[in-house]
Amino acid sequence: MTEVGLNYTMIKLVYPLVWLLKSSKALSSIAVRLSKLTGKSKYRIHPKHLIAYEKPWYLKDIKSNDEVLDLGCNNGQHSLRVAKRCKRITGLDQNKDQLKIAKASSKDKGIKNVTWQNHNLEKKLSLKANSFNKVLCLDVAEVNKILDGVGFKIISLKPIVYDTPWIGFFDLLGGISLKLYAKISVWKKEKVKSNLKESTGFRIVIQKIWH
Ligand SMILES: C[S@@+](CC[C@H](N)C(=O)[O-])C[C@H]1O[C@@H](n2cnc3c(N)ncnc32)[C@H](O)[C@@H]1O
């Protein structure tokens with residue numbers, strides 16, 4: 001084979017592999033399945049919910065008489081942590097499959113002060129005035145639109161996720177080894193600080209105003 005032919009064959013082989021490693025959605029969903037298949041979790045849960053590399057930042061703001069709303073709660077892993085510290089919490093998400101996992105997890109853990117609500121936040125959400133005094137909204141990319149729909153005013157947001165095309169590949173590694181994923185997560189967290197503009201996912205830094 002000539003050198004040009006060899007290079008061409010290499011490109012043909014390597015390019016699909018690079019493409020695959022960058023198909024973040026597909027790889028992330030494999031990682032979620034691997035969590036269950038490899039016995040890391042009873043349910044299909046993203047590796048990010050299975051590592052404890054630091055105490056969640058929001059717990060310090062939760063008081064025992066708080067009534068909390070977790071917007072975009074997904075499989076409820078954050079809501080369940082908060083539930084142990086507050087009076088009651090409602091986890092809300094549009095994804096029914098993830099809410100099923102949330103419900104099963106709260107049952108497994110015997111947590112009773114949590115309710116789950118299926119709702120698309122782009123539609124009007126009817127809530128009783130003063131029914132919640134704190135809102136959690138973690139890594140919900142659509143946060144601006146959503147909170148606007150619900151009737152909150154955003155005061156400040158802070159990026160929390162380092163946006164890299166390799167995210168799916170990292171997730172896949174997490175599906176294989178949580179120890180490795182914890183190390184990658186610490187590294188990604190450091191990257192957020194130095195790449196604010198390239199980061200995605202948001203947390204609300206200052207308490208929201210209900211109106
Ligand atoms: C990246 S996940 C974050 C989940 C969780 N808060 C966390 O930090 O792990 C974003 C979540 O927001 C939910 N979401 C996005 N748009 C939504 C909408 N319009 N109404 C309700 N939930 C929505 C998704 O279903 C998903 O569970």
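Two residues are taken to be in contact if their C-beta atoms, placed from the backbone, lie within 7 Å. On this criterion, in the predicted model examined here, residues 24 or more positions apart account for 66% of the contacts in the protein chain with a separation of 6 or more. The chain has 211 residues, of which 28% are buried, and its secondary structure comprises seven helices and eight strands.

The largest nonpolar core is made up of 25 residues, and within this core the most contacts belong to Val 68, Leu 71, Val 82, Ala 83, Ile 89 and Leu 136. At least two core residues are supplied by each of the helices α2 (24-37), α3 (77-83) and α4 (96-109), and likewise by each of the strands β1 (67-71), β2 (88-93) and β3 (114-118). In soluble globular proteins, nonpolar side chains tend to be buried together.

Helix α2 also packs against helix α6 (residues 167-176), at an angle of about 10 degrees and with 7 Å between the two axes. Because angles under 35 degrees count as roughly parallel, α2 is described as roughly parallel to α6. On the α2 side the contact is formed by Ser 24, Lys 25, Ala 26, Leu 27, Ser 28, Ile 30, Ala 31, Leu 34 and Ser 35, and on the α6 side by Ile 167, Gly 168, Phe 169, Asp 171, Leu 172, Gly 174, Gly 175 and Ile 176. By class, the residues of this contact are nine nonpolar, six polar and two charged. Within α6, the buried residues are Gly 168, Phe 170, Asp 171, Leu 172, Gly 174 and Gly 175, and the elements that cover them include α2 and α7 (178-194).

Beyond residues up to four places away in sequence, Pro 47 touches Ala 31, Ser 35, Asp 171, Gly 174, Gly 175, Leu 178 and Tyr 181. The C-alpha atoms of Pro 47 and Gly 175 are separated by 6.1 Å, although the two residues are 128 residues apart along the chain. Since a residue counts as buried if 20 or more other C-beta atoms lie within 10 Å of its own, Pro 47, with 27 such atoms within 10 Å, is buried.

Around the ligand there are 16 residues, among which Gly 72, Asn 74, Gln 94, Leu 121 and Leu 138 come nearest.

Key: Residues are numbered from 1 along each chain as its sequence is written. This is a predicted model: local features need pLDDT of at least 70, side-chain atom pairs count only at pLDDT 80 or more; totals for chains, interfaces and linings use all residues. A residue is near a molecule or strand if its C-beta atom, placed from the backbone, lies within 6 Å of it. A nonpolar core is a set of buried Ala, Val, Leu, Ile, Met, Phe, Trp, Tyr and Cys residues joined through C-beta atoms within 7 Å. A residue is buried if 20 or more other C-beta atoms lie within 10 Å of its own, exposed if 12 or fewer, and partly exposed in between; C-beta atoms are placed from the backbone. Helices (H or I, at least four residues) and strands (E, at least two) are DSSP runs, numbered from the N terminus. Axes are lines fitted to C-alpha atoms, for helices over the stretch in contact, and angles run from 0 to 180 degrees between N-to-C directions. Angles under 35 degrees count as roughly parallel, over 145 as roughly antiparallel, 65 to 115 as roughly perpendicular and the rest as oblique. Ala, Val, Leu, Ile, Met, Phe, Trp, Tyr, Cys and Pro count as nonpolar, Asp, Glu, Lys and Arg as charged, and the others, Gly among them, as polar.
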